[in-house]
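Biologist: Could we go through this structure together? I would like to begin with the charged side chains and then change topic as we go.

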Amino acid sequence: MMPMMGMQPQIILLKEGTDTSQGKPQLISNINACMAVVDTVRTTLGPRGMDKLIHGDKGVTISNDGATIMKLLDIVHPAAKSLVDVSLAQDAEVGDGTTSVVILAGEFLKEAKPFIEEGVHPRSLIKSFRQAAVLAVQRLKDQAISLEEKSMEEKKDLLKKCAMTTLNSKLVSGEKEFFAQMVVDAVSKLDPSTLDLKMIGIKKVQGGGLRDSFLVDGVAFKKTFSYAGFEQQPKSFTNPKILVLNIELELKAEKENAEIRLDDPAKYQSIVDAEWNIIYDKLAKCVASGANIVLSRLAIGDLATQYFADRNIFCAGRVETGDMERVTKATGAKVQTTVNNLDPAVLGTCARFEERQVGAERYNLFTGCPEARTATLVLRGGSEQFIDEADRSLHDAIMIVRRALKHAQVVPGGGAIEMELSKYLSEYSLQFTNKASSQLFIKAYAKALEVIPRQLCNNAGFDATDVLNKLRQKHALADGSGKNFGVDVNTGGVCDTFEAFVWEPALVKINAIQAATEAACLILSVDETVRNPKSEVPDAASGAAAQAAITGAGGRGRGRGAMRGRGMRR
């Protein structure tokens, strides 16, 4: 087997300072790499978290959303990439808690590091960590408070509080009440059986303030590209009939195989007329259907636009697929691929259609839809980055409200549930007296859970040691009256976060603990990194050439430099 040279794994983007690629040093190196990633997002946790400005190929992004930051970081280290995956998985599954899951995974590894250095076998740690995770999730489920029996009005109020907790840590926290209400109203419009997120449209319009944002009970989309005659079309309707098409209504210049041979020049006109007659026939059928609004996924040309304008019909072509889907769901219209035999049953309707000026853009709004299982949020704000971050914040809030509706169980936030689980696991660990030292490992896991309240304090500028001592004292009370106490980020003390309505869906925490534990166990189970030699050589045509390039020998001077030279000459 070839000796592996230059095989040191990188820490994030740097090659220096890493260990050999095997055994204990490799494991320590992986843990250090993960810690470096965690330190990047650590300060973004919680309502007082800081934002990150990431400058990349796609421009500037300002965000404190864990998943967004992890996605934009160009991480090279293979072990550290698993933290990116775990954060994106949390985002896809639950939508929030993306920073928490990365910090927890990092803390589990940090607690495991001293044991690894002292020669403990990673498998012992993995076994204990997995055992602790199962216990923690079970305990969390027992502590969760169900909202199932509440009336719809009470539920909406409780969901609003969940959304406000999520928005607390975002850039839009100043208007959290305004947006939380908007998010709950939007999610409440969805079909309760599916709660399909595609049915909530978010449109971003620069200009104005955050308070100028509004919720459309139906569908809104930006005015599409318009042709001559557009301004003559009516801009509002009451109870219109809506025809949705997937065909082009314009004259197309033939590009391929458009050769026609004529023996009589007089016939030329009849060929031109045939083409015009076809499109006029299509337009006449659209009008005959009784539709007041014609929408199409494909282009509606200037001839059709003018034709419809003359007959007081509004039309829009090249409507985006997502918007089209929402229109059909909301109005009950069926997408047509032909205009022949149009049945009135395929037309949709809504209470009101209007074209409204929003900032510098014009928007088409369909409101009061009979089948309304859809809503559109129109976001306003100063800069592009600000609106993008508001969009990401609302996505998290929407996911949280959706999850809380599906699984109506909440736990106290502000680090309260982590402290309670930490206390429970510490007590549980004392029952182990065996030589395998499960006691120490479960205790280490319990201690790692305290990272969430500690980081909340650090990010808010409070004395973490002082606050954690108070929390430990509250959670240690025998009567269990202190189990809901967490960090009060407003005063720097502790408070009953359940009473203060700092709530989080239990699902977020369960998923975060399970995902973080799995990520930590995965990294602990790796003791060697093997890099494929071929990946080192851009132009390697064969394994032999790759080997020659790696070792710098063989092939008479056709090492890496030679191959690169050949590549450049081509």
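**Salt bridges and open spaces**

Modeller: The count of salt bridges comes to 24. Please keep in mind that this is a predicted model.

Biologist: What lets side chains pair in that way?

Modeller: Side chains of opposite charge can pair when their charged atoms come close.

Biologist: Which side chain meets Glu 518 in a salt bridge?

Modeller: The partner of Glu 518 is Arg 130, with 3.3 Å from N to O. Glu 518 belongs to helix α16 and Arg 130 to helix α5 (residues 122–143), so this pair ties together parts that are 388 residues apart in sequence.

Biologist: What does UniProt place at residues 130–157?

Modeller: The unreviewed UniProt entry places a "coiled-coil region" there, at residues 130–157. In the model, that span is 71% helix and 7% strand. The C-alpha atoms at the ends of residues 130–157 are 36 Å apart.

Biologist: Which element gives the most to the lining of the largest pocket?

Modeller: Helix α6 does, with six residues. Elements that each supply at least two residues of this lining include α4 (98–117), α11 (384–406), β19 (503–505) and α16 (506–524).

Biologist: How do the lining residues of the largest pocket divide by class?

Modeller: They divide into 16 nonpolar, 16 polar and ten charged residues.

Biologist: How many cavities of 30 Å³ or more does a search of the whole structure find?

Modeller: The search finds one. The largest cavity has a volume of about 50 Å³. Among the residues that line this cavity are Phe 225, Tyr 227, Ile 300, Thr 305, Cys 315 and Gly 317.

Biologist: And which classes make up the lining of that largest cavity?

Modeller: Six residues of the lining are nonpolar, four are polar and none is charged.

Biologist: A change of topic: the backbone. What is the phi of Asn 312?

Modeller: Asn 312 has a positive phi of about 55°, although Asn 312 is not a glycine. This residue is found in the loop between α9 (302–310) and β10 (314–316). Arg 318 has a positive phi as well, near 50°, and is likewise a residue other than glycine. Arg 318 lies in the loop between β10 and α10 (321–331).

Biologist: Finally, the surface. Which residues make the nonpolar patch of about 380 Å²?

Modeller: Ile 260, Leu 262, Tyr 268 and Ile 271 make that surface patch.

Biologist: Where is Tyr 268 placed?

Modeller: Tyr 268 is in helix α8, which covers residues 267–288.

Methods:
Residues numbered from 1 in each chain as written. Predicted model: local features only at pLDDT ≥ 70, side-chain atom pairs only at ≥ 80, totals over all residues. Heavy atoms only, no water. Patch = residues over 30% accessible without salt bridge, like charges linked within 9 Å, V, L, I, M, F, W, Y side chains within 5 Å. Areas by Shrake-Rupley, 256 points an atom, 1.4 Å probe, with all protein chains shown as cover. Salt bridge = Lys/Arg side-chain N within 4 Å of Asp/Glu carboxyl O. Helix = DSSP H or I, 4+ residues; strand = E, 2+ residues; numbered from the N terminus. UniProt positions renumbered as here; feature names shortened; annotations may be inferred. 1 Å grid on protein atoms, 1.4 Å probe; cavity = no way out; pocket = protein on both sides within 12 Å on 5 of 7 lines; lining within 4 Å. Points joined across faces, edges and corners; volume = space filled by probe spheres on them. Nonpolar A, V, L, I, M, F, W, Y, C, P; charged D, E, K, R; others polar.
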